[in-house]
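Dear colleague,

I am handing over the structure below, and after it I set out what was found. Please read the notes alongside the coordinates.

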Amino acid sequence: MEKDCGMWINILSHKIKKRMNTNMQSLGLTGVQSRVMHYILVKSADGPVFQRDVEAVFGLSRSTATGILQSMEKNDLILRESVASDARLKSLIPTQKAAYLDAQVGEYLRNTEQCLTRGLSNAQLALFLETVAHMSKNMDE
C-alpha cells in the first residue's frame with residue numbers, strides 16, 4: 001500500500017508524540033502538557049491566557065483541553081483564577097513549579113526540533129511550513 005500525505009503525517013505525529021512522552025516522563029508530564037505549559041508561560045508574560053487560547057493554538061476540543069488543564073492544575077503546574085470582568089472566564093496562571101520545569105521542557109523541545117529538522121535546508125523547512133499550513137487550512141474548509 002502506497003503511503004499518502006495523511007498517512008505520512010500520522011506516522012510522523014505518532015513518532016513525535018512517542019519521543020515527547022518519553023522525554024517528558026522524567027518530569028512527570030506528557031508531551032502535550034509540556035507544550036501547553038510552555039505556551040502558557042510564554043504567553044502569560046504578555047497578558048492573560050484562557051482555555052479558549054489553548055484550544056485555538058493547539059487545535060483541541062473543549063473537552064480535551066479541559067482534561068489536559070485539569071491534570072495540569074492537579075499536578076500544580078497551573079492555577080485558574082476568575083477574571084473580575086467575567087466570572088465565567090478563568091485565567092491560566094503558571095506556577096513556580098511550571099517555571100522551574102520550563103527550562104528542561106524547552107531543552108527537550110529544542111532537541112526534538114533539531115532531530116526532526118536535521119539535514120534539511122532553510123529552503124526545505126520554509127517550503128514544508130508553507131505546505132503544512134496550506135494543508136491545515138484545507139482541512140478547516
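Let me begin in helix H5, where Glu107 and Arg110 are three residues apart and therefore separated by about one helical turn; helices (H or I, at least four residues) and strands (E, at least two) are DSSP runs here, numbered from the N terminus. An α-helix has 3.6 residues a turn, so residues three or four places apart point the same way. Glu107 and Arg110 form a salt bridge whose closest N and O atoms are 3.3 Å apart, the term standing for a side-chain nitrogen of Lys or Arg within 4 Å of a carboxyl oxygen of Asp or Glu. Glu107 is partly exposed at a relative accessible area of 40%, and Arg110 is also partly exposed, at 47%; buried means under 20% relative accessible area, exposed over 50%, and partly exposed in between, with a 1.4 Å probe and protein chains only.

Before going further, please note that this is a predicted model, in which local features need pLDDT of at least 70 and side-chain atom pairs count only at pLDDT 80 or more, whereas totals for chains, interfaces and linings use all residues. Residues are numbered from 1 along each chain as its sequence is written, and side-chain values use heavy atoms, with hydrogens and water left out.

A search of the whole structure finds two salt bridges, and the other one joins Glu73 to Arg80, with the closest N and O atoms 3.2 Å apart. Glu73 counts as partly exposed at 33% relative accessibility, and Arg80 is partly exposed as well, at 23%.

As for the overall arrangement, the protein has six helices and two strands, which follow the pattern α-α-α-α-β-β-α-α when read along the sequence. The C-alpha trace spans about 50 × 35 × 30 Å along its principal axes, and of the 141 residues 27% count as buried. Taking contact to mean heavy atoms within 4.5 Å, residues 24 or more positions apart account for 48% of the contacts with a separation of 6 or more.

Much of what follows concerns helix H2. H2 has 14 residues and reaches 20 Å from its first C-alpha to its last, close to the 20 Å expected at 1.5 Å a residue, where the expected span is 1.5 Å times one less than the number of residues. Its buried residues are Gly31, Gln33, Ser34, Val36, Met37, Tyr39, Ile40 and Leu41, and what covers them includes helix H1 (5–25), H3, helix H4 (62–74), strand E1 (78–83), strand E2 (86–94) and helix H5 (96–117).

Ser34 is buried, with a relative accessible area of 0%, and, not counting residues up to four places away in sequence, Ser34 touches Met20, Met24, Leu29 and Val105. Gln33 is likewise buried, at 7%, and, leaving aside its neighbours within four places in sequence, Gln33 is in contact with Gly28, Ile68, Ser71 and Met72. A polar atom of the Gln33 side chain also lies 3.0 Å from the backbone nitrogen of Thr30.

How many aromatic pairs are there? Rings of Phe, Tyr and Trp (its six-membered ring) pair if their centres lie within 6.5 Å, with planes under 30 degrees apart counting as stacked, over 60 as edge-to-face and the rest as tilted; by this rule the count comes to one. The pair is formed by Tyr39 and Phe58 and is edge-to-face, at 5.7 Å centre to centre with 85° between the planes. It links distant parts of the chain, since Tyr39 sits in helix H2 (residues 31–44) and Phe58 in helix H3 (residues 51–58), 19 residues apart. Tyr39 counts as buried at 15% relative accessibility, whereas Phe58 counts as partly exposed at 26%. Leaving aside neighbours within four places in sequence, Phe58 is in contact with Arg35, Val36 and Tyr39, while the C-alpha atoms of Phe58 and Asp102, 44 residues apart along the chain, are separated by 18 Å.

Finally, the structure holds zero disulfides, a disulfide being a pair of cysteine sulfur atoms within 2.5 Å. Cys5 is partly exposed, with a relative accessible area of 47%, and Cys115 counts as partly exposed at 25% relative accessibility.

Terms used: Polar contact = N/O pair within 3.5 Å; in protein donor to acceptor, adjacent residues only side chain to side chain.
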